[in-house]
Amino acid sequence: MQRRRGRFDVTALYRYLAANVLHRQLYLPPVLLFGVVVVVGSRGDGGPLLPLYALWTGAILISSVWLTIVVLATEDVVQERITMVSAHRMWFPLAAAVLVTVTFDGVMAAAALFFPLLVGVRSAGGGDLLVGLLAQLASAGAGVIVGMFCSRQVVPRPGYALLLAAAAVLALLLVQWVPPVNPLIRLLAGGESASAMLGRVAVTAALVTLFVVATIPIVHALHRLPR
Amino acid sequence: MKLASVGKRYGRGPWLFDRVTLDLEPGQVIAISGSNGSGKSTLLNLMAGLIRPTAGTISGRPRHIGYVPERFPGHQRMSAIAYLTHLGRIRGLSTSVAQRSTHALLERFSFSSGSDGSIRTLSKGNAQKVALAQALLVPPDLFILDEPWTGLDEIGHDVLSRTIAETAARGGIVALSRHLAVPGPAVESARYDLDGATPADGAPPIAAVNLETAATTAKVVLRPHDHSRRLPGPWAGVARTGPNHSDTVDLTVAHHDCDRLLLAALQSGWSVVAVLPDDPPTEGRTDGCNDGGDDST
């Protein structure tokens, strides 16, 4: 049989899982929640952008946790087994699902970045936009990590998963010494210029990316298939 | 592929089985039998690499594995063709090749789609055909089937039997589970019973599975009236069908299938020439079926 590159295809896995997520439409509630926050939050008197991005940074954490949990639960348990066997390496579907979630997060963050400008009440420099994007992506990445640990693969019982996710989100939003979301929110809302905080935000986003990648094999190792 | 002293238990629960040792050669078709909860599906999941054994090792697992679950989930909104094309691409096929393979396999299994083509509208049998097709998009080196006969119609039985035979003929390993109470053609070259591998509570794990010997199969010699050589229903594709003399065919079937085969053959216009124990100790023709069937007609 003719094969394309003689190996199993992660891009195809990404396309399949993305199509599955779009078919199931379970992404809609977390995306709509974030959209409502952005639309309502953008109504204002044309004040500075960074405090607004601080609000987005908090909101995208909640949506990202929710999205990650639903994306990882899109496939039926049996279907998930078929996909794992088809993908040859059992952790490929998990990695592809994380990529799908990050794609949704990226689209949400980009839309939230420009929405206040589109409604015409504010102006922003390139530094504001970059800091706002990196802060949202860092927060979304933290949400992906929380979502992976609260997913069906690790916590099969939805009640426990919900409690665990709620506790983690509250801790990340409210406890000052828990990185990265609360420090980012305080930084964005603190009145500093974008150029002054860009380095710290960029380092935070890079570290969160590393942690997301490192979490994939851990969650795969914790993954317990039901009998 | 080798399973060396493999055992499985979940958490601190009882051992499902332990010290299961299997040496699977290319071209072999094995059946795992056992009662409910004996661990048939778990053993197949271990072979597929989906779960890790609690004890023992599995080595030499082939690269291309076709996995057919016992129950194919029916809530997919995606169409069967789209689903199979996606899975073909995941297995490394180009889109056009994946589509061609999908259509060829669905046609082979006489698949008929639901009202809007989505998997969730399929009947159980058609969903099972999709499950079989996804495992065959790339010819598997290890073909794992969990109670595959459930829900399939006669054509599905026929095609599946032939597919299993073809996979084995290519040098693939076929491992399937079967419930002795569920009818299905005997395609396996060996059968292992997991019931003997479940230790009693508190007792040390007992040794391995029990290989059913050739004494549990029978050779049936049939002669067609119309020389079409087409056997009825699921036996049309039995792997071990082969010519005996110029106008007869031999089949090796499990005892529990023997009476059903004889009945179906007679109703389809075949004559039963002989029923023999498989690999008989003597050359004499004797009754090989359960409950004392006729030797010949």
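Helices (H or I, at least four residues) and strands (E, at least two) are DSSP runs, numbered from the N terminus. A residue is termed buried if 20 or more other C-beta atoms lie within 10 Å of its own, exposed if 12 or fewer, and partly exposed in between, with C-beta atoms placed from the backbone. Among the buried residues of α5(B) are His157(B), Asp158(B), Leu160(B), Thr163(B) and Ile164(B).

Helix α5(B), residues 154–169, has 16 residues and reaches 23 Å from its first C-alpha to its last, close to the 22 Å expected at 1.5 Å a residue; the expected span is 1.5 Å times one less than the number of residues. Just after α5(B), Gly171(B) adopts a positive phi of about 100°.

## Basis of the model

Residues are numbered from 1 along each chain as its sequence is written, while chains are lettered from A and ligands numbered from 1 in the order in which they are written. Because the model is predicted, local features need pLDDT of at least 70 and side-chain atom pairs count only at pLDDT 80 or more, whereas totals for chains, interfaces and linings use all residues.

## Chain B overall

Chain B has six helices and 13 strands. Buried residues account for 45% of its 297 residues. Of the contacts in chain B between residues at least 6 apart in sequence, 73% join residues at least 24 apart; two residues are in contact if their C-beta atoms, placed from the backbone, lie within 7 Å.

## The contact between chains A and B

Chain A contributes 30 residues to the contact and chain B contributes 28 residues. On the side of chain A that touches chain B, α1 (10–24) and α4 (77–86) of chain A each supply at least two residues. The largest share of that side, eight residues, comes from α1(A). Its residues divide into 13 nonpolar, seven polar and 10 charged, where Ala, Val, Leu, Ile, Met, Phe, Trp, Tyr, Cys and Pro count as nonpolar, Asp, Glu, Lys and Arg as charged, and the others, Gly among them, as polar.

## Helix α2 of chain B against α1 of chain A

The axes of α1(A) and α2(B), residues 80–90, come within 8 Å and cross at roughly 155°. Axes are lines fitted to C-alpha atoms, for helices over the stretch in contact, and angles run from 0 to 180 degrees between N-to-C directions. The two helices are therefore roughly antiparallel to each other; angles under 35 degrees count as roughly parallel, over 145 as roughly antiparallel, 65 to 115 as roughly perpendicular and the rest as oblique. The contact involves Ala12(A), Leu13(A), Arg15(A), Tyr16(A) and Ala19(A) of α1(A), with His86(B), Arg89(B) and Ile90(B) of α2(B).

Nine of the 11 residues of α2(B) are buried, so this helix is largely enclosed by the rest of the structure. The buried residues of α2(B) pack against α1 and α4 of chain A together with α3 and α4 of chain B. Just after α2(B), Gly92(B) takes a positive phi of about 100°.

## Buried and exposed sites in chain A

Six of the eight residues of α8(A), residues 181–188, are buried, so α8(A) is largely enclosed by the rest of the structure. Its cover includes α3 (49–72), α6 (126–149), α7 (158–174) and α9 (194–222) of chain A. In contrast, Ser123(A) is exposed, with 10 other C-beta atoms within 10 Å. Ser123(A) lies in the loop between α5 (92–118) and α6 of chain A.
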